[in-house]
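Here is a friendly briefing to read with the sequence and the structure side by side.

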Amino acid sequence: MITNLEEIKTLGEINEDENYQFRVYLKGQKSFKTDKIVHGLYKKFSKEIDCTTCGNCCLCLKTGVNENEIIRLSGILNISVEKMREQYIEKFDRSDSLKNLPCIFLKDLKCSIYESRPGDCKSYPHLHKKDITSRLLSVIGNYSECPIVFNVFEELKTEYNFRNRNMAKSNIPFEIQKQASKMIYDFNEKHFAEEMNVNYFAEFKGKYLYLNRYEGKLISPVARLEYTGNMDEWEFAIFKWSTEKYDPDDWFFPGSELADGTIEGAMEAGLEAYPI
Ligand code: SF4
Ligand code: SF4
């Protein structure tokens with residue numbers, strides 16, 4: 001278990017692309033199964049991690065508040081609701097939230113209004129709720145800030161045997177791996193509806209990016225891209241089921257004209273070669 005906030009922040013950067021890949025992977029799993037594992041892990045880690053010695057969410061995350069809570073908090077501060085709104089509330093993700101960081105109610109790393117704290121604070125980090133799969137972006141967003149979220153998510157990777165899947169040494173610069181993962185993530189968002197359970201994901205090994213696709217529980221290799229030092233000039237090789245190998249010389253498969261050296265082109269070509 002890791003609870004050091006600096007270490008968690010650093011690991012958040014290192015694991016960013018893996019976390020996005022894991023998110024894609026989780027979307028192909030049964031959400032009730034993921035919920036069950038996460039709820040169990042949440043129970044375990046929230047017992048083991050002492051929030052009173054951490055307080056990081058109160059230091060660096062914005063708390064959502066509703067109208068009743070704004071009225072209640074203005075009463076606690078002994079100011080008008082208008083003044084409360086003007087001084088301490090802002091719109092965040094189209095909802096009202098406390099704007100000051102650290103939170104104005106945090107005193108000596110403790111909540112000074114603990115019994116009256118907003119519902120968002122009581123519920124944080126929201127891992128007891130149902131349908132975690134639909135909220136994975138916010139879980140990943142909290143991964144670097146909250147030791148409970150970090151440890152639950154890491155343990156979840158172990159439960160799904162996902163760890164080490166992407167740990168192979170890669171010669172592709174980390175920044176490029178991150179950019180590539182983001183492109184794949186954006187492509188998935190644009191092309192595949194949530195309920196389809198279809199997503200591309202990347203594995204990085206040596207000088208190669210292996211482009212795979214989840215379809216439900218099925219993982220299929222699609223293509224291999226060799227990094228040439230230029231983000232728009234990857235060497236493309238389609239995966240051939242007849243030989244079970246990647247073939248850089250086959251340019252006659254359906255969609256081959258779409259493989260233009262870019263990662264998006266490779267994914268488009270993969271959709272033509274292997275339609276869903
Ligand atoms: S109201 Fe209390 S629990 Fe909520 S963010 Fe502020 S200090 Fe933390
Ligand atoms: S919920 Fe997470 S970030 Fe907040 S105090 Fe507890 S461990 Fe720290």
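**Ligands, domains and sheet**

Helix 4 (56-60) and helix 9 (147-159) each contribute at least two residues to the shell around ligand 2. Please keep in mind that this is a predicted model. Its protein chain has an average pLDDT of 90, and 96% of the residues reach at least 70.

**The two ligand shells**

- Around ligand 2 you will find I49, C51, C54, G55, N56, C57, Y124, P125, E145, C146, P147 and I148.
- Sorted by class, the residues of the ligand 2 shell are nine nonpolar, two polar and one charged.
- Ligand 1 has its own surroundings, made up of C58, T63, C103, F105, L106, C111, I113, R117, P118 and C121.
- In the shell around ligand 1, eight residues are nonpolar, one is polar and one is charged.

**Domains**

- The domain assignment divides the protein chain into domain 1 (5-56 + 125-159), domain 2 (62-123) and domain 3 (174-273).
- Between the centres of domain 1 and domain 3, taken over C-alpha atoms, there are 27 Å.
- Where these two domains meet, eight residues of domain 1 are in contact with 12 residues of domain 3.
- On the side of domain 1 that touches domain 3, three residues are nonpolar, two are polar and three are charged.

- Five strands form an open sheet in the order 5-6-7-8-9, and their pairing is antiparallel.
- Strand 5 (198-205) and strand 9 (245-247) are the edge strands; each has a single partner strand, so one side of each has no neighbour in the sheet.
- On average, neighbouring strands of this sheet are turned by 30° against each other, direction ignored.
- Four bridges link strand 7 (residues 218-226) with strand 8 (residues 235-240) in the antiparallel sense.

- Helix 11 (residues 263-273) lies across strand 5, strand 6, strand 7 and strand 8.
- Relative to strand 7, helix 11 runs at about 135°.

**Backbone details to look for**

- L101 and P102 are joined by a cis peptide bond, with omega about -10°.
- P102 sits in the loop between strand 2 (95-98) and strand 3 (106-107).
- Another cis peptide bond joins Y124 and P125, with omega about 10°.
- P125 belongs to the loop between helix 7 (119-123) and helix 8 (136-143), and both Y124 and P125 are among the residues around ligand 2.
- D108 has a phi near 50°, a positive value in a residue other than glycine.
- You can find D108 in the loop between strand 3 and strand 4 (110-111).

**Confidence by element**

- Which element of the protein chain has the lowest mean pLDDT, and which the highest? Helix 1 (residues 5-14) is the lowest at 83, while helix 11 is the highest at 97.

Key
Residues are numbered from 1 along each chain as its sequence is written. Chains are lettered from A and ligands numbered from 1 in the order in which they are written. This is a predicted model: local features need pLDDT of at least 70, side-chain atom pairs count only at pLDDT 80 or more; totals for chains, interfaces and linings use all residues. Two strands pair if DSSP finds at least two bridges between them. Axes are lines fitted to C-alpha atoms, for helices over the stretch in contact, and angles run from 0 to 180 degrees between N-to-C directions. Two residues are in contact if their C-beta atoms, placed from the backbone, lie within 7 Å. pLDDT is the predictor's confidence in each residue, from 0 to 100. A residue is near a molecule or strand if its C-beta atom, placed from the backbone, lies within 6 Å of it. Ala, Val, Leu, Ile, Met, Phe, Trp, Tyr, Cys and Pro count as nonpolar, Asp, Glu, Lys and Arg as charged, and the others, Gly among them, as polar. Domain bounds come from an automatic or database domain assignment.
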